[in-house]
Amino acid sequence: MAEQEPVPPIDLDFAFQIHIDFKERIRIAGPMRNNVWVPAAGGTIKGPKLNGKVVAYSGADYGGEFGLDAHYMLQADDGTYIYIHNMGYLYALNNPPGTRGTPEAGAAAVQEQGSQSFEAPSSKDVPMYFRITPYFNAPVGPHDWLTRTVFVGTGERFQNPDYTLFTYYEVL
Amino acid sequence: MAEQAIPKIDLEYVFSVRIFFKERVTFMGPHGGRGFVPPSSGEIFGPRLTGTVVPYSGADYAHFQNLANGIQINTHYMLRADDGAWIYIRNIGYLHRSKDPNKPTYFRMTPYFDAPKGPHEWLSRTVILGTGERRTNPDHSLFTYYAVK
């Protein structure tokens with residue numbers, strides 16, 4: 001067994017928040033697994049380490065029961081395009097972990113049609129939260145630290161309008 | 001964006017993994033560098049998981065452009081818990097050369113797991129952060145994992 005030694009601490013530093021607006025939420029019930037298509041209709045990035053916007057319809061969350069798998073493009077205030085890939089889990093406290101939206105909503109219709117639009121409840125209606133890890137690719141220049149930094153994020157979902165607020169911390 | 005308090009993140013130490021290595025292969029391909037570093041053995045210890053790393057169950061198939069600038073880790077292994085459960089681990093993140101030559105090369109990463117239904121299935125739905133340090137004599141790395149609560 002390993003020798004006893006102190007557990008190294010992890011330090012986090014608040015980096016930025018990303019507010020993403022949503023309009024379409026499509027669920028695909030496939031024979032092997034389910035997926036969603038939830039594109040970003042727009043959004044803003046604010047914080048001490050990055051400011052800018054989410055490029056509208058530059059990508060989507062394509063995840064499923066297993067969790068989030070979202071690919072988007074961001075654009076920093078200086079015009080730089082930045083790719084973001086978000087992975088992680090969504091927890092709804094009164095549903096099995098990873099459940100998307102309301103599982104009972106139109107289950108029969110999903111089976112008949114194979115896909116269906118769904119409504120996602122807000123974190124206030126159904127206690128739920130995200131825990132995610134984003135990976136970025138930014139061009140060589142002032143934002144390229146994003147491409148060699150590990151981050152952890154939380155998220156909270158809101159309705160009317162439909163948006164999610166993600167909060168990202170840099171792992172120092 | 002509405003002005004509101006920035007949500008805090010709480011971390012909980014869950015376990016450490018010590019992995020021993022013998023082979024370290026790298027090559028440059030047309031799209032950049034690729035590594036192959038398989039685990040020859042390893043042990044898992046800590047409050048939430050104890051067990052072993054299955055020898056030669058996978059490797060770090062890392063990406064890099066210039067080894068001196070660090071690498072992007074991309075590992076797939078199998079773990080075996082003390083109760084016999086098989087657990088898949090996929091690790092992504094970065095290896096950084098310390099600016100201080102007296103300090104070791106270090107890792108920051110986010111592992112994703114898949115564990116069978118049962119006592120270890122929390123690993124399949126938990127976001128975990130890892131740090132690591134590369135050590136020599138013998139060649140091994142010590143990884144420390146925290147669950148994001």
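Trainee: Which residues is Ile82(A) in contact with, leaving aside its neighbours within four places in sequence?
Mentor: Taking contact as heavy atoms within 4.5 Å, Ile82(A) is in contact with Leu50(A), Tyr72(A), Met73(A), Leu74(A), Ala76(A), Phe136(A), Asn137(A), Ala138(A), His143(A) and Leu146(A), once neighbours within four places are set aside. Bear in mind that this is a predicted model, in which local features need pLDDT of at least 70 and side-chain atom pairs count only at pLDDT 80 or more, whereas totals for chains, interfaces and linings use all residues. Residues are numbered from 1 along each chain as its sequence is written, chains are lettered from A and ligands numbered from 1 in the order in which they are written, and side-chain values use heavy atoms, with hydrogens and water left out.

Trainee: And which residues touch the most other members of the largest nonpolar core?
Mentor: That core has 31 residues, and Phe16(A), Ile18(A), Ile20(A), Leu74(A), Ile82(A), Phe136(A) and Leu146(A) touch the most other members. A nonpolar core here is a set of buried Ala, Val, Leu, Ile, Met, Phe, Trp, Tyr and Cys residues joined through side-chain atoms within 4.5 Å, and buried means under 20% relative accessible area, with exposed over 50% and partly exposed in between, for a 1.4 Å probe and protein chains only. In chain A, β1 (12–22), β3 (34–46), β6 (68–76), β7 (81–92), β9 (128–137) and β11 (163–171) each supply at least two residues of this core. A second, separate core of 30 residues includes Val37(B), Phe64(B), Ile71(B) and Phe113(B).

Trainee: Let's step back to chain A, then: how many helices and strands does its secondary structure come to?
Mentor: One helix and eleven strands, where helices (H or I, at least four residues) and strands (E, at least two) are DSSP runs numbered from the N terminus. The order from the N terminus on is β-β-β-β-β-β-β-α-β-β-β-β. Of the 172 residues in chain A, 52% count as buried, and among its contacts with a separation of 6 or more, 56% come from residues 24 or more positions apart.

Trainee: Is Met128(A) buried or exposed?
Mentor: Met128(A), which lies in strand β9 of chain A, counts as buried because its relative accessibility is 5%.

Trainee: Changing topic, how much space lies in the largest pocket?
Mentor: About 600 Å³, a pocket being, on a 1 Å grid over the protein atoms alone, an open set of points with protein on both sides within 12 Å along at least five of seven lines, while a cavity is a set of points where a 1.4 Å probe fits but cannot get out, and lining residues have an atom within 4 Å of a point. Grid points are joined across faces, edges and corners, and a volume is the space filled by probe spheres set on the points. Of the 24 residues lining the largest pocket, Thr147(A), His63(B), Phe64(B), Gln65(B) and Gln72(B) are the closest to its centre.

Trainee: And which residues lie nearest the centre of the second largest pocket?
Mentor: Phe66(A), Tyr89(A), Tyr88(B), Tyr112(B) and Phe113(B), out of 17 lining residues, and the volume of that pocket is about 450 Å³.
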